[in-house]
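Hello,

Here is the structure I said I would pass on. My notes on it follow below.

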Amino acid sequence: MSAAIDDIAIRVEGLTMAYGQRVIQRDLNFEVRRGARFVIMGESGCGKSTLLKHMIGLLEPSTGRVEVEGTDPWTMAPSERGRLARAFGVLYQSGALWSSMTVAENVALPLEQYTDFPAERVYELVRLKLALVGLADAADRYPSEISGGMRKRAGLARAMALDPQVLFLDEPSAGLDPVSSALLDELILEIGESLGTTFVIVSHELASIFAIATDSVFLDADTKTQLDVGPPRELAHGGSPKVRRFLARAAHVDQPTEGAAT
Amino acid sequence: MAGDARLSLQPGAPARVRLSGAWTQAEGLPDAEALLAQLPPGSALVVAGDGIQRWDTTLAAFVQALERAAAATDRTVEFEQLPPGLERLLRLTRAGRDATAARKGSEVDRRGKPLSRMLQDLLAGAGRPLARLLPRALAWAELAGRIYVALVRLVLGRARVPWSDVVEQFVECGPRALPIVTLLSFLIGAITAFVGVVQLRMFGAELYVADLVGMGMLLEMGALMTAVVMAGRAGAAFAAALGTMQTNEEIDALSTLGLDPVEFLVLPRVLALAVCTPLLTLYADLMGIIGGSAVAVGMLQMSPATYFNEVAEAVSLSDALKGLIKSLAFGLAIGFAGCLRGIESGRSAQAVGRAATSAVVTSIVLIVLLDAALTMLFFIYDGQL
């Protein structure tokens, strides 16, 4: 637990998330170490994506705080937050490509915004990032002209445009076929290992959780708080019953309960 | 054979119901309550399923209805020899029901006090819009302020505006609106002239129809009709586009990159309307006057030269300017309302549709309010009030 300050990319302390009066999750406490591939797990509707939005500073905590690189974005001056925005990239659930721009322009925009590179250099980088995710051929197509899986990969290329220290991925493999999903997992591993990027991934796909995660937190929809923190492989044996069940892909219904069907 | 529930009563033993035949949706569903009603009150019931040939969820629904009806009348029901798959199915529905009940918890407490509950609902219904008014007014003020800041930054050359998007919005708001503006303003001019002719004829003052059309178009109808067209075309389009971007998380993606969505998305649209609406209004004024001339020449056999001369006599540059000032205000209001509704939009297909609708309604309300306010101001300015 007591890792050196420098080892911590993101720290969540006593975080309560709420939409108005409706509490989504309360008392969240965990740390994401630098270089970790941290997975946020939980059942549908437990607030995984909401937690992600709190971590990237889109939503303000009701109570508690989220520290990114040792500072709380909500106490920063707006000009400072731009610098922070550079430090991380986000892949949204649907890809969230800007629909009025081509794939290449989407990846280029962050670079144009934050670097002084001339246009040719920017597009060299864009070409590289697109080739990295296997989309070199789709550079000049519009988001509406490519498939869902390609949109995800283009979103990943855009998230990586500025070589951020932390990449946030919101359900990267949702809606992908098993092969594309496995390829994406491999890509995440490669990027993490070659660039030392920290990943925060929202996922409930067990295959990819076990394939990529080095650490995780499990959010419970019923008690509205975190149940366990730790590497998924360890939680699969030593976690609380619900987490073990989740990781073993077992549902309540399969277990015989008394009084059923008289 | 259709599903059948046959009741047999033997003194001393519990009543038996034997289910037989096909229990599928195609065959229909017997009435569980009617079956129970045949029994003496308080008696026990045994349901045997050994005669069932085919079944689907219809059977499960019947069994559940029977259980429910029995519980309501304090009877006990036992089931025998139900198909094995059915038991699994029923267990599944119970698990789902228990989980829902556990999650909702307090659902049951809410009943019981109907009158106080109704009163509470009534008060809450009256209070909720009021309670929402302040945060909404703040959101409006915030967006207005942010548009203003973005405009100032634009003038100072510090705004990062996507110029290709600006051009696209200009084309969309301006040239593409020309045909509909042409048609509507021509007809409005003609209608104004027609109504005028009918009235003025009674006083033998038909010539003044030119004054009526000229003043009417320049001061009021040109700006108003253009604004209504723009509200329907551009306002709704803005709200739908921004709402879809909201749904698609595109606006979030801009924010996390440190790009201001107002500068990037709202500013090009508001700018396009602020420039295009006055230009189109000027054009609408002209088309309206031409439309009036068609009626004047056609109905009154007035020569076109007489008509246009009379129009030129009647109107002044300041009339046209007043109309243009109005149209600038309308354009800004439509851009504001359209973008506001789009940004406020929820993240679903229905929400985007509602955003487009309410953008048009909000625009038109704002247009009429602004029109009233500006008309008053111009009168005061002219010292006529």
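Notes on the model

Gln81(B) lies in the loop that runs between strand S4 (77-80) and helix H3 (84-104) of chain B. Please keep in mind throughout that this is a predicted model. Gln81(B) has a positive phi of about 50°, although it is not a glycine. Most residues other than glycine have a negative phi. With a relative accessible area of 53%, Gln81(B) is exposed, the cut-off for that class being over 50%.

Strand S4 of chain B also holds Glu78(B). Glu78(B) counts as exposed, at 52% relative accessibility. The C-alpha atoms of Glu78(B) and Thr357(B) are separated by 56 Å, and the two residues are 279 residues apart along the chain.

Chain A has a positive phi to report too: Glu171(A), which is not a glycine, has a value of about 45°. Glu171(A) is found in the loop between strand S6 (166-170) and helix H6 (178-195) of chain A. Glu171(A) counts as buried, at 12% relative accessibility, since the limit for buried is under 20%.

Next, the helix packing in chain B. Two packed helices are described by the angle between their axes and the distance between the axes. For helix H7 (residues 209-247) and helix H12 (residues 349-381) of chain B, the axes come within 8 Å and cross at roughly 150°. That angle makes H7(B) roughly antiparallel to H12(B), because angles over 145 degrees are put in that class. The crossing of H7(B) and H12(B) is right-handed. Sorted by class, the residues in the contact of H7(B) with H12(B) are 14 nonpolar, seven polar and two charged.

Helix H4 (residues 114-155) and helix H11 (residues 317-344) of chain B form another crossing: their axes come within 11 Å and cross at roughly 120°. H4(B) and H11(B) are therefore oblique to each other. H4(B) passes H11(B) in a right-handed crossing.

On to the aromatic side chains. Over all chains, the structure holds six aromatic pairs. One of them is formed by Phe30(A) and Phe38(A), which are stacked, with 5.1 Å centre to centre and 15° between the planes. Phe30(A) counts as buried at 4% relative accessibility, and Phe38(A) counts as buried at 0%. Also among the pairs are Tyr307(B) and Phe308(B), which are edge-to-face, with 5.2 Å centre to centre and 85° between the planes. Tyr307(B) is buried, with a relative accessible area of 0%, whereas Phe308(B) counts as partly exposed at 36%.

In chain A, the charged end of Arg121(A) sits over the ring of Phe117(A), 4.8 Å from its centre. In chain B, the charged end of Arg269(B) sits over the ring of Phe238(B), and the distance to the ring centre is 5.8 Å.

Regards

Terms used: Residues numbered from 1 in each chain as written. Chains lettered and ligands numbered in written order. Predicted model: local features only at pLDDT ≥ 70, side-chain atom pairs only at ≥ 80, totals over all residues. Heavy atoms only, no water. Axes fitted to C-alpha atoms, helices over the stretch in contact; angles between N-to-C directions. Helix = DSSP H or I, 4+ residues; strand = E, 2+ residues; numbered from the N terminus. Parallel < 35°, antiparallel > 145°, perpendicular 65-115°, else oblique. Left-handed = near helix turned anticlockwise from the far one by under 90°. Nonpolar A, V, L, I, M, F, W, Y, C, P; charged D, E, K, R; others polar. Phe/Tyr/Trp six-rings, centres within 6.5 Å; stacked < 30°, edge-to-face > 60°. Buried < 20%, exposed > 50% of the residue type's maximum accessible area, 1.4 Å probe, protein only. Lys NZ or Arg CZ within 6 Å of the ring centre and 35° of its normal.
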